[in-house]
Amino acid sequence: MQSVRDDPRPFSRITVVLGRYICQILPVVPKGARKHIVAASLRRLSLWKHVRVLSLVENMCLDYANPDNTLFVNYLMEIGSNPQKTIQLPSTIHNCTSVQDLILSVYSNLNIYCDRNQCFLTKMTILYVKNNDVSSINDDALNMFSGEPIVYLAANKIVENEFVDHTYNDRYPSECLNCLFLPGLLPFKLKLKVGCSIILL
């Protein structure tokens, strides 16, 4: 903009809107420590002194007639703006001491055999960051689920081609392929129980 308008001032005095909630979305610095991430944040840029901060105070998509929604929004705002950095968790948030407690707080009576609605497991979900942790939680939940498990094993191998190096199978034995855990692919050992939910790809 400075080159096009021949004006050395920031953005050549063109109004630029930067929409971002800096309390939640931090810049990504590959292999960077806390100090590198903070140094790359928007507030550390030389342009920050020219920025005018405008805060949105009302969520137009939210139904403020529902008091629970208002309480939740106020709680989220306190997380992002409390200078003491100490937040009192609302009573609706459970403090679980183990993964098993977490599973039972979300899916009550999971370990008790009873007639359930088909949507029993699809109305709520547990969100996690890493695929390995998700797999571990799924295994724990399945172990708590009533019934006998049925185990299915995959048959993994590298596709052979006459124009490809035939030593692939020697370098990548089936044991190595079976230990891979890739997003979007089924695991080598798939354990299921009658009534558990699955995703068909």
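**Notebook: a predicted chain**

I looked up burial first: 10% of the 201 residues of the protein chain count as buried (under 20% relative accessible area; exposed is over 50%, partly exposed in between, with a 1.4 Å probe and protein chains only). The model is predicted, so I note that local features need pLDDT of at least 70 and side-chain atom pairs pLDDT 80 or more, while totals for chains, interfaces and linings use all residues. Residues are numbered from 1 along each chain as its sequence is written, and side-chain values use heavy atoms, without hydrogens and water.

**Elements and surface**

I found 7 helices and 2 strands in the protein chain (DSSP runs numbered from the N terminus: helices are H or I of at least four residues, strands E of at least two). Their order from the N terminus is α-α-α-α-α-β-α-α-β.

I then checked contacts (heavy atoms within 4.5 Å). Of those between residues at least 6 apart in sequence, 47% join residues at least 24 apart. The protein chain exposes about 17600 Å², with 57% of it from carbon and sulfur atoms.

**Second largest pocket**

I looked up the volume of the second largest pocket, which is about 1400 Å³. A pocket here is an open set of points on a 1 Å grid over the protein atoms alone, with protein on both sides within 12 Å along at least five of seven lines; lining residues have an atom within 4 Å of a point. The volume is the space filled by probe spheres set on the points, which are joined across faces, edges and corners.

The lining has 34 residues, and V134, N138, S197, I198 and I199 lie nearest the centre of the pocket. α5 (131-144) and β2 (189-192) each supply at least two lining residues; α5 gives the most, with 8. I noted the division of the lining as 24 nonpolar, 7 polar and 3 charged.

S41 sits in the loop between α2 (34-39) and α3 (67-81). I recorded S41 as buried, at a relative accessible area of 16%. Its side chain reaches the backbone oxygen of V38 at 2.6 Å.

Next I looked at phi. Most residues other than glycine have a negative phi. S12 has a positive phi, near 55°, and K31 also has a positive phi, of about 55°. S12 lies in the loop between α1 (2-5) and α2, and K31 is found in the loop between α1 and α2.

Is each of the two buried or exposed? S12 is buried, with a relative accessible area of 0%, whereas K31 is exposed at 89% relative accessibility.

Definitions and conventions: Accessible areas come from the Shrake-Rupley method with a 1.4 Å probe; for residues, only the protein chains shown count as cover. On a 1 Å grid over the protein atoms alone, a cavity is a set of points where a 1.4 Å probe fits but cannot get out, and a pocket is an open set with protein on both sides within 12 Å along at least five of seven lines; lining residues have an atom within 4 Å of a point. Ala, Val, Leu, Ile, Met, Phe, Trp, Tyr, Cys and Pro count as nonpolar, Asp, Glu, Lys and Arg as charged, and the others, Gly among them, as polar. A polar contact is a pair of N or O atoms within 3.5 Å; within protein, one must be able to donate a hydrogen and the other to accept it, and residues adjacent in sequence count only if both atoms are side-chain atoms.
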